[in-house]
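Dear colleague,

Please find below the structure that I am handing over to you.

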Amino acid sequence: MTLSKDELERMRSLAREYVEEVATLTQRICRVPAPTGSEQQRAAFVTGLFEERGYRCEHDEVGNVYVRRGRGTGPVLLLLAHLDTVFPQDTPLNVRREGDVLYGPGIGDNSLSVASMLTLLKMLDLLKQETSIDIVAAANVGEEGLGNLRGARAAVERYKQQLGAVIAIDGNLGYIVNEAVGSLRWRITVNGPGGHSYGAFGRPSAIHGLARIIARIAEIQVPKDPKTTYNVGVIDGGTSVNTIAASASALLDMRSTDVLALDRLADEVRTIVKTAPGEGLQGVITILGERPAGKIAPDAPLVHLAQEALRWIEIEPRLVASSTDVNIPLSQGIPAVCVGVSQGRQAHTLEEWVPVAPIADGLAQLLYLITYACEQLAR
């Protein structure tokens, strides 16, 4: 199926017509708390929104919400838009619109994407667009923080035998994620005997041992290409100022676009944790999360389509590496890209914002990409 010039123009026109609906829906979704691991309230809200539009929802054991559009058989194109945010349950959700800008914690990451996915199905219905294969839209959990991409893992596993390709909706308009940044998240804990700071002076301190580990990690030389990074983001431990700490811990994040580079970094850290704490102390590693690396070639058909969709709306595409839900399909050799709807700013802060105007182009891009991706997969 090749869309005519009139059909393409109708697609863009409809995208412009639905900007305000998406903006309103985005704010409604953003007002429902959805911390990673506690997405149930937002999942229930999104289920209701799907059902209002006449779709039947299914759910899985991890909390994903699924809607299937099509015949119900054959291969599928999987759309992913994650429900969760980085903000705790009690975060004040000051969601508002000022002129052409939407504000709110998680407004762009990822409320806008969920709202866009909901609206895209409605727009395809209005266009009477019977795609060449079925579309499964999944509002998924566990993308942020220590969610370990469990929603994307479950969705890919659920449809693996039928899965033709995956498109995640996340990030900024104009960027195409075709390379998955792999990551390891560890808790490093040091344990020791503890004691009184004066009376037991000389006993080894878990905090001192942890500090030695962190200092050694900070000296690790990592390659710039493939880009490989590490960061100790949280430290915790001890009882009081006059207590020799019996336990201390740190949260470590390690990332790379290359599996072997990430493995080498992990091996170095393991050696440091084993040897650096000092006599009388023991270092222990607890794995909190593993995000696999992977990539799809820049000249792959799905990537070419994503670029074509952006050029159609007169935006020059940029291929980038990132850590998103497409880490899962890309690590398994399944064609996948991640694309955005608008140009969000200050993500993961209370003052996150997105402009409304670019949403028209973002919706048009997705309509084009989804329609032609389905045709491509049906061949």
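**Residue T91 and its setting**

T91 counts as buried because its relative accessibility is 13%; buried means under 20% relative accessible area, exposed over 50%, and partly exposed in between (1.4 Å probe, protein chains only). This is a predicted model, in which local features need pLDDT of at least 70, side-chain atom pairs count only at pLDDT 80 or more, and totals for chains, interfaces and linings use all residues. Residues are numbered from 1 along each chain as its sequence is written, and side-chain values use heavy atoms, with hydrogens and water left out.

T91 sits in the loop between β3 (76-82) and β4 (96-98). From there, the T91 side chain reaches the backbone oxygen of P88 at 2.8 Å.

**The chain as a whole**

The protein chain contains 10 helices and 18 strands (DSSP runs numbered from the N terminus: helices are H or I, at least four residues; strands are E, at least two). Of its 379 residues, 52% are buried.

Along the principal axes, the C-alpha trace spans about 85 × 40 × 35 Å. Among contacts in the protein chain with a separation of 6 or more, 81% join residues 24 or more positions apart; contact means heavy atoms within 4.5 Å.

The protein chain exposes about 16,600 Å², of which carbon and sulfur atoms supply 51% (Shrake-Rupley method, 1.4 Å probe; for residues, only the protein chains shown count as cover).

Yours sincerely

Methods:
Polar contact = N/O pair within 3.5 Å; in protein donor to acceptor, adjacent residues only side chain to side chain.
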